[in-house]
Amino acid sequence: TTFLTGLYPGHHDIVGNNWFDRQSLIVRSYMESSTYREVNADFTAPTIYDVLGDRFTVNFQNAVRRGVRRTIDNWVESGVCWFFGWHLAADRWVGSDFEQLEGLARQAGRWPDFIQAYFPGVDARGHQVGADHPLYRQAVRNVDTQIGWACEALLRAGIFDRTYLILVTDHGHAPCAHEHYIELARWLARAKGWRIHEDRYDGGTLPQRQRHFAKV
């Protein structure tokens, strides 16, 4: 959301993949296949797609897509890869999406002015095994290969020399020993005596949510 709105989280209102509004008692989690697209209804700032409303814009597998002209999600293929933990294959599907550029251009009658592509595999590997693991470096090399295939597709389409390629990441990964971090929710419950609720609950009216959390 920050990349596509140009705003910090405190200004576009999406403060994380999971967050809780203490006023409305609404819990949000975008970490499931059934909820990841809900982020588009939870912020009001214009996206770059909204700003380029008269242009042809394309999104490959990014959850934030409000205002985009065309989205390709690889929903089935990527979903299967995610279920089995095939992170490299998930990124290869995103790389292969660039092969569809010519077809998309023919349908729209013009080449895309802006393309956003999200490669999820490196992030998943980093969280799974850490940044100092060989499997993490394997995932980085795999994304490098996919970027190469994307460049080949742009070359074949004849638009590579007039395309800016911008590579960004939402965060880094640093090795961290278990004794160097705390599990905040458990610490708050144990040391501060706070009531901790970690399950998703955002349905019903405000009074219904108040009664629900009062029983937690």
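## A look around the predicted fold

T35 sits in the loop between strand 2 (26-29) and helix 3 (48-51); helices (H or I, at least four residues) and strands (E, at least two) are DSSP runs, numbered from the N terminus. This is a predicted model, in which local features need pLDDT of at least 70 and side-chain atom pairs count only at pLDDT 80 or more, while totals for chains, interfaces and linings use all residues. Residues are numbered from 1 along each chain as its sequence is written, and side-chain values use heavy atoms, with hydrogens and water left out.

Back to T35: with a relative accessible area of 5%, it is buried (buried means under 20% relative accessible area, exposed over 50%, and partly exposed in between, with a 1.4 Å probe and protein chains only). Setting aside neighbours within four places in sequence, T35 is in contact with S29, Y30 and R200 (contact means heavy atoms within 4.5 Å).

Now for the salt bridges. Each one is a side-chain nitrogen of Lys or Arg within 4 Å of a carboxyl oxygen of Asp or Glu, and a search of the whole structure turns up nine.

| Salt bridge | Closest N and O atoms |
|---|---|
| R37 and D73 | 3.8 Å |
| E99 and R156 | 2.7 Å |
| E183 and R186 | 3.2 Å |

R37 and D73 form a salt bridge. This pair links distant parts of the chain, 36 residues apart: R37 is in the loop between strand 2 and helix 3, and D73 in the loop between strand 4 (70-72) and helix 4 (75-84). R37 is partly exposed at 41% relative accessible area, whereas D73 counts as buried at 15%.

E99 pairs with R156 in a salt bridge. E99 lies in the loop between helix 5 (87-97) and helix 6 (101-108) and R156 in helix 8 (residues 134-157), so this pair ties together parts that are 57 residues apart in sequence. E99 is partly exposed, at 43%, and R156 counts as partly exposed, at 48%.

Elsewhere, salt bridges that share partners join D54, R55, R110 and D113 into one network.

On to the inside. A nonpolar core is a set of buried Ala, Val, Leu, Ile, Met, Phe, Trp, Tyr and Cys residues joined through side-chain atoms within 4.5 Å. The largest one has 20 residues, and V58, F60, F98, L101, L104 and V122 touch the most other members. Strand 3 (57-60), helix 5, helix 6 and helix 8 each give two or more residues to this core, with helix 8 giving the most, seven residues. Not counting residues up to four places away in sequence, V122 touches D91, Y136, A139, V140, V143 and H173. There is also a second, separate core of nine residues, including I14, V39, Y49 and V68.

Last, the second largest pocket, which holds about 740 Å³ of space. Of the 20 residues that line this pocket, F20, R195, I196, H197 and F213 are the closest to its centre. (On a 1 Å grid over the protein atoms alone, a pocket is an open set of points where a 1.4 Å probe fits, with protein on both sides within 12 Å along at least five of seven lines; lining residues have an atom within 4 Å of a point. Grid points are joined across faces, edges and corners, and the volume is the space filled by probe spheres set on the points.) Strand 1 (18-21), strand 2 and helix 9 (184-191) each supply at least two residues of the lining.
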